[in-house]
Amino acid sequence: MTKPLLDVEDLRVRFHLRTGTVEAVRGVSFQLGRERLGIVGESGSGKSQTGRAILGLTPPPGEVTAKRLAFDGIDLQTVSKRTLRDLRGGRISMVMQDPKYSLNPVMTIGEQIIEAYRAHRKASKAEARDKALAMLEAVKMRDPGRVFSLYPHEVSGGMGQRAMIAMMLVTDPDLLIADEPTSALDVTVSMEVLRILDELVSERGMGLIFISHDLKLVSSFCDRVLVMYAGRVVEELEAKNLREAKHPYTQGLMRCLPTLADDVRPLPTLNRDPAWAL
Amino acid sequence: MLDIQNLQVVYGTGRMRVDAVKNVSFHVEPGAAYGLVGESGSGKSTVLRAICGLAPITSGRVSVDGAAVTTPRSKAFYRTVQMVFQDPYASLHPRHTVDRTLSEPLAIHGEKDAEARILQALKEVGLGPSFRFRYPHQLSGGQRQRIAIARALILRPKVLLLDEPTSALDASVQAEILNLLNDLRRRLGLTYILVSHDLAVVAHLCERLLVMQHGEAVEETTADALRSGAASNTYTQSLIQASQGFTRVAPQTARAPAA
């Protein structure tokens, strides 16, 4: 096997609060190549904190420790802040959940993409502008020139999310972390956004970490899935083998969803075994 | 039970005019559950809000139990029709205890024996008396939604308007709330109008449903037709397909003949 793009071993995220220490992520290990990895879990399972910890975006007073946290051979724990800043947005990017809150409301979409590009690549304004327009076209904006000069409040949720993807991919990163990139969007729009993401990831040979609460969506989109519960990975499986999940939590999550295919009444509910959290 | 004829909801005038709901009609029998499905901006929530008086009825007729509703709605209307909102984190007063939240509708309607009614309502939604003096922040999302349902049920309404009651909840909690809603409908003989963007949730809870797009009714169909994939409308088809999860273009065409 070739050297993994991302190597995470025993990642822990702790928050020291007045009321005691909360361990949000408790010993997560995985390796990522140039593939699509899904991280699934319910709220509070630590899936988002895992994504943030990789980028060094754990909010204070959070504390991150790991036996190994390496991106392409670079140790992310010992690296200088300056190098980390170059990596972030340059070689590792992150797409957030809600474009309404993650885009700068007082800058046009075009300016924001140019800023992201020029922060990491030496380029003249004109070059960056061309690159930004090309990127807007790559995310299937109907009229890139017009979208370029629009402010975030002037575009719909789906367009905003595509603009954010354009901004994150303009530097040609090696790794993209997408934290619930479609949960603020309508189903048909989110399929469109996923299709674009899928194309770009496979065309450019990026690694993708796709964080979501939606097991069905993740299993249909990713190659491999990590299922998280209470800060731990309880199960790792090939997305296509999701139906053969072994862990009772994964099985329970699968079963409790109503489906169009069959009508189960009452829906089976999840009996949480305290042992899962140990 | 509920009859909507040519409902139209318009906001603003002139250049600012927005036709949120255009000419929507449907009829719901007593004891039935009716679904409204569509994407954001399709007007599905506005229909619900127009029924209970939170949105203006520009033209058309809304009748409950055979009688046209009055604006503003009467007290008797709210005894018959109650609503449960999407986000239980926003719809409960953060500084009111469960007890106070549940006693307010009783006080407004001059109901006696609040104590017994509150305990009864808590029991109906599967919560014990120990929850009575808690604040919303001391409850989980699912427990909060149960309180919101209890608040709606405490006046013994006949119709419950449910606006995305599970979309803010985790999948496992969603299953619990859906089971509770099914159970309550059977036991209390309630009529539901459910708004949701999730076809599977609507098919689970409702027998009939209306698909909406851009404020217009696109297709009225049944849950059974949805399950068998017998939707005639292309928009409904695209919603069904999107609800099955992500499909890569190549395998999708390969799979089409098999399905």
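In the predicted model, 27 residues of chain B are in contact with 26 residues of chain A; two residues count as in contact if their C-beta atoms, placed from the backbone, lie within 7 Å. Helices α6 (171–188), α7 (199–205), α8 (223–227) and α9 (234–243) of chain B are the elements that give two or more residues to the side touching chain A. Helices (H or I, at least four residues) and strands (E, at least two) are DSSP runs, numbered from the N terminus. The most comes from α6(B), with seven residues. By class, this side of chain B has twelve nonpolar, ten polar and five charged residues. Ala, Val, Leu, Ile, Met, Phe, Trp, Tyr, Cys and Pro count as nonpolar; Asp, Glu, Lys and Arg count as charged; the others, Gly among them, are polar.

Residues are numbered from 1 along each chain as its sequence is written, and chains are lettered from A and ligands numbered from 1 in the order in which they are written. The model is predicted: local features need pLDDT of at least 70, side-chain atom pairs count only at pLDDT 80 or more, and totals for chains, interfaces and linings use all residues.

Helix α6(B) also packs within its own chain. Helix α5 (residues 141–153) of chain B meets α6(B) at an angle of about 20 degrees, with the axes 10 Å apart. Axes are lines fitted to C-alpha atoms, for helices over the stretch in contact, and angles run from 0 to 180 degrees between N-to-C directions. The two helices are therefore roughly parallel, a term for angles under 35 degrees. B:Gly141, B:Gly142, B:Gln145 and B:Arg146 of α5(B) make the contact with B:Val173, B:Glu176, B:Ile177 and B:Leu180 of α6(B). This contact has three nonpolar, three polar and two charged residues.

Helix α3 (residues 98–108) of chain B packs against α5(B) at about 25 degrees, with axes 8 Å apart. This pair is therefore roughly parallel. B:Val98, B:Thr101, B:Leu102 and B:Pro105 of α3(B) touch B:Ile147, B:Ala150 and B:Arg151 of α5(B). Five nonpolar, one polar and one charged residues form the contact.

In chain A, A:Leu175 lies in strand β8 (residues 175–179). A:Leu175 is buried, because 21 other C-beta atoms lie within 10 Å; the cut-off for buried is 20 or more. Not counting residues up to four places away in sequence, A:Leu175 touches A:Leu5, A:Leu6, A:Phe71, A:Arg91, A:Ile92, A:Met206 and A:Gly207.

Conventions. Buried ≥ 20, exposed ≤ 12 C-beta atoms within 10 Å, placed from the backbone. Parallel < 35°, antiparallel > 145°, perpendicular 65-115°, else oblique.
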